[in-house]
Amino acid sequence: MAEYKLYCFAQSGNAYRVALMLNLVGGDWEPVYVDFFEAGETRTPGYRSDVNEMGEVPVLVHGERKLSQSSVCLTYLAKRSGKYLPQGEDEELEAWRWIVFDNQKVNGFLGPYRFLKTLAKTPGDPAVLAFLKGRADAALAVVDKRLAGRPWLLGERPTIADVSMCGYLFYPAEEFGFDIAATYPSIAAWLERIKALPGWKHPYDLMPGYPLKK
Ligand SMILES: N[C@@H](CCC(=O)N[C@@H](CS)C(=O)NCC(=O)O)C(=O)O
């Protein structure tokens with residue numbers, strides 16, 4: 001039995017952060033497939049009572065521990081492995097600043113935008129899509145500016161802030177209807193640096209459930 005289990009599915013950028021981190025730190029892990037689209041598994045009473053009361057993916061299981069919120073899972077894995085860990089109080093605070101900005105405004109808008117545009121059974125209202133795209137674009141521009149001056153979000157070393165921030169950014173451009181890498185050159189160069197890290201894999205090669213059944 002693997003040391004870590006990760007409740008996840010291939011289309012989830014929130015889960016990808018943790019799956020990627022497990023790979024980057026060389027963790028012994030296995031995925032537990034969550035049927036989000038067909039069975040609506042995260043909404044079932046069983047999932048909420050046994051896996052995560054918040055009704056979300058990812059959930060990381062390690063021994064008796066069951067953790068959710070990708071940011072918490074990343075912190076846990078960084079502390080245990082000593083890798084991608086912000087060093088000292090200033091770096092820790094800086095990492096949190098970018099992780100919260102990411103969760104709320106970068107992938108926090110990009111994820112629902114992609115879901116409503118491409119994955120939902122009923123496509124999203126155009127006004128809602130336009131709002132989400134506008135907010136995601138504004139946040140991506142902030143990240144692009146940040147990365148113009150340094151190779152990684154916190155400076156010279158990759159940390160969990162980078163692992164968090166790339167959550168949805170490797171998914172195909174067709175799923176967004178616009179090409180993030182072509183629009184934001186510093187983000188594009190940073191994504192190439194992430195790809196070069198030992199253990200990197202594309203979300204569709206790392207988590208089960210791709211392609212979706214039609
Ligand atoms: N802030 C959470 C977001 C988790 C999240 O929203 N996951 C989605 C899947 S990509 C989910 O399970 N959504 C179910 C729902 O909101 O009902 C994290 O970073 O882990």
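Predicted model: local features only at pLDDT ≥ 70, side-chain atom pairs only at ≥ 80, totals over all residues.
Author: Pro58 lies in the loop between α2 (45–50) and β3 (59–62).

Reader: What kind of peptide bond joins Val57 and Pro58?

Author: A cis bond, with omega about 10°. Most peptide bonds are trans.

Reader: Where is Pro211 found, and what is omega for the bond from Tyr210 to Pro211?

Author: Pro211 sits in the segment after α9 (203–206). Omega is near -5° there, and the bond is cis.

Reader: Why is Gln69 called partly exposed?

Author: Gln69 has 17 C-beta neighbours inside 10 Å. Buried needs 20 or more, and exposed needs 12 or fewer. The count for Gln69 lies in between, so Gln69 is partly exposed.

Reader: Where is Tyr84, and what is its phi?

Author: Tyr84 is in the loop between α3 and α4 (88–119). Phi of Tyr84 is near 60°, which is positive, and Tyr84 is not a glycine.

Reader: How do you know whether Tyr84 is buried or exposed?

Author: Count the C-beta neighbours inside 10 Å: Tyr84 has 22. The cut-off for buried is 20 or more. Tyr84 meets that cut-off, and therefore counts as buried.

Notes. Residues numbered from 1 in each chain as written. Helix = DSSP H or I, 4+ residues; strand = E, 2+ residues; numbered from the N terminus.
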